[in-house]
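Here is a guided walk through one protein chain, written for someone new to reading structures. Keep the 3D view open and turn it as you go.

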Amino acid sequence: MCSLTAGTRSLYLHWPYCEAICHYCDFNKFKAPKRGDGDGKTPGSDVLALEEAMIRTVSKYFAEERTVPHSVFWGGGTPSLARPSFIKKIHNLFTLPGTAEVTLEVNPSPSAIRSLEAFKDSGVTRLSIGVQSFSSSNLRSLGRIHTPEVAISTIEAAKKSFGPNNVSIDLMYGLPGQSLDHWDYEIDLALKTNVGHLSVYELTFKPNTRFEKLLRAGKLTRGPTEQFYFHASKKIQEHGYSHYEVSNYALPGCEGKHNMHHWQGGEYFGVGPGAISRCTFNGTLGILTPYMNPKEWIRSVESCGHGTFSFHPLSVEEQISYVLETTMRARQGLCLSMFGKRFGKRFVDILLNSSQLRDVIDCGYIQFYNSVDYRQNEQETVCATSATLSCTYCSQETHCTRCVPTAAGMALAEPLAAFLYQSLG
């Protein structure tokens, strides 16, 4: 297996439908089709066909092969538009350990609030709520259709149903016209919710989004956002959260297990239109690319038993590049013991003796720790949590050496990884 957590594979399920298309979103999403019989409750034929195709795919790759996912994540689109009864059917296709994390992305809405208990009954254990902003004007600018009041009501209902430690909320910074003072106010409101997890994302202007078109037309401007990022990092950590990944903060024990699996190079299997997989098949690690359009994906499942149209085997060089990029996103960093076992000790020796590693350490982008050093210095660098104090891959060893990115290093994960990759020749 090429998963760095050997033998494990997480499951990502993509529900592509949305009530409205946000102005910044470049995910694979489609306007939700009309309901079936005009009663507003019965799913239409398109939705029923998608449900059946997703059930068939999960059954084939997990139930029939008796594979147990490491974790489950429902993304989109807006997966909280999916029927809880359908979600339960998917979860009944495999048996998860009692501690497994099953996350559902939720858009704030009265209908989502009404469905929370049904989602919990379906096997969901954790909610990620797409608040984005507590400002009415910002929400309108983003193309969001909820209000700040509905966002707060959804958070409070989620805390009641799932417990505050099993709730995460998303916020965005760098919005058009947003000042640092207003961003500080948004952070304050988020912290007052007392949820276990915060995801804080920079607004990016992706191709083929409304915001990107407005930017090209000169109707929007984009200013520097570094100050927003570092302000959030400092303030949120002061309230007991660890900045454990470039965009994510958690109270102790509330880190997202599914995404940590990804950021440490773990394998994942995607089900649904546009859900890419990074998995080992027939002994080869590669990328499975699916059809994006729901109707094309469904037709492929019906005719071929899967919704993918290509498989790209990953070379060793591509695997190393990927591992460097993902591990530089998170405070757990790169475990050199794991890296050496996976790719060969010579690569570790080259990296440790490289001028590139010395340069990024001198610039304050990476800290170099063994297990003892890391534990002694952890409180000086980032709030201590179970995720950052122990290494996922060599917890049984007495000596673990890691390259750990700082907050500045995590913000530059992609170019930082590319710079380190150069040292490997």
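The report below moves from the whole chain to its strands, then to its helices, and ends with a few single residues.

**The whole chain**

Please keep in mind that this is a predicted model. The chain folds into 18 helices and 17 strands. Of its 425 residues, 53% are buried. How much of the contact in the chain links residues 24 or more positions apart? Among contacts with a separation of 6 or more, such pairs account for 72%.

**Strands side by side**

Beyond its neighbours within four places in sequence, Leu13 is in contact with Met54, Val58, Val72, Phe73, Trp74, Gly75, Ile90 and Val271. Leu104 lies 91 residues away from Leu13 in sequence, yet the two C-alpha atoms are 9.5 Å apart in space.

Trp74, one of the contacts of Leu13, stands opposite Leu104 of strand 5. The two strands involved here are strand 4 (residues 72–76) and strand 5 (residues 102–106). They pair in the parallel sense, over three bridges. Strand 5 is mostly covered, with four of its five residues buried.

Now look at strand 17, residues 401–405. Is this strand enclosed or open? Five of its five residues are buried, so strand 17 is largely enclosed by the rest of the structure. The cover reaches both faces: Thr401, Cys403 and Pro405 are buried on one side, and Arg402 and Val404 are buried on the other. Strand 15 (residues 334–335) pairs with strand 17 in the antiparallel sense over two bridges. In this pairing, Leu334 stands opposite Cys403.

A hairpin gives another antiparallel example. Strand 9 (residues 242–245) and strand 10 (residues 248–250) run antiparallel and are joined by three bridges. The hairpin passes from strand 9 to strand 10 through two residues. His243 has Tyr249 in strand 10 as its bridge partner.

**Helices and their sides**

How do we describe two helices that pack together? For helix 6 (residues 180–192) and helix 8 (residues 226–238), the angle is about 35 degrees and the axes are 11 Å apart. Their crossing is right-handed. From helix 6, the residues that meet helix 8 are Leu180, Trp183, Asp184, Ile187, Asp188 and Leu191. Helix 8 brings Gln227, Phe228, His231, Ala232, Lys235 and Ile236 to the meeting. Sorted by class, the contact holds seven nonpolar, two polar and three charged residues.

Helix 18, residues 413–422, shows how a helix can have sides. Its buried residues are Ala413, Leu416, Ala417 and Leu420. Why do they fall on the same side of helix 18? They cover an arc of only 100 degrees around the axis, which puts them together on that side.

| Residue | Relative accessibility | Class |
|---|---|---|
| Ser59 | 18% | buried |
| Ser233 | 4% | buried |
| Ser321 | 30% | partly exposed |

Ser59 sits in helix 1, residues 45–63. Setting aside neighbours within four places in sequence, Ser59 is in contact with Glu64 and Leu93.

Ser233 belongs to helix 8, the helix that packs with helix 6. With its neighbours within four places left out, Ser233 is in contact with His243, Tyr249 and Ala407.

Ser321 lies in helix 11, residues 316–327. Which residue is 100 positions from Ser321 in sequence but 6.4 Å from it in space, C-alpha to C-alpha? That residue is Tyr421.

Terms used
Residues are numbered from 1 along each chain as its sequence is written. This is a predicted model: local features need pLDDT of at least 70, side-chain atom pairs count only at pLDDT 80 or more; totals for chains, interfaces and linings use all residues. Side-chain values use heavy atoms; hydrogens and water are left out. Axes are lines fitted to C-alpha atoms, for helices over the stretch in contact, and angles run from 0 to 180 degrees between N-to-C directions. A crossing is left-handed if the near helix is turned anticlockwise from the far one by less than a right angle, and right-handed if clockwise. Contact means heavy atoms within 4.5 Å. Ala, Val, Leu, Ile, Met, Phe, Trp, Tyr, Cys and Pro count as nonpolar, Asp, Glu, Lys and Arg as charged, and the others, Gly among them, as polar. Buried means under 20% relative accessible area, exposed over 50%, partly exposed in between (1.4 Å probe, protein chains only). The arc is that of the directions from the helix axis to the C-beta atoms. Two strands pair if DSSP finds at least two bridges between them.
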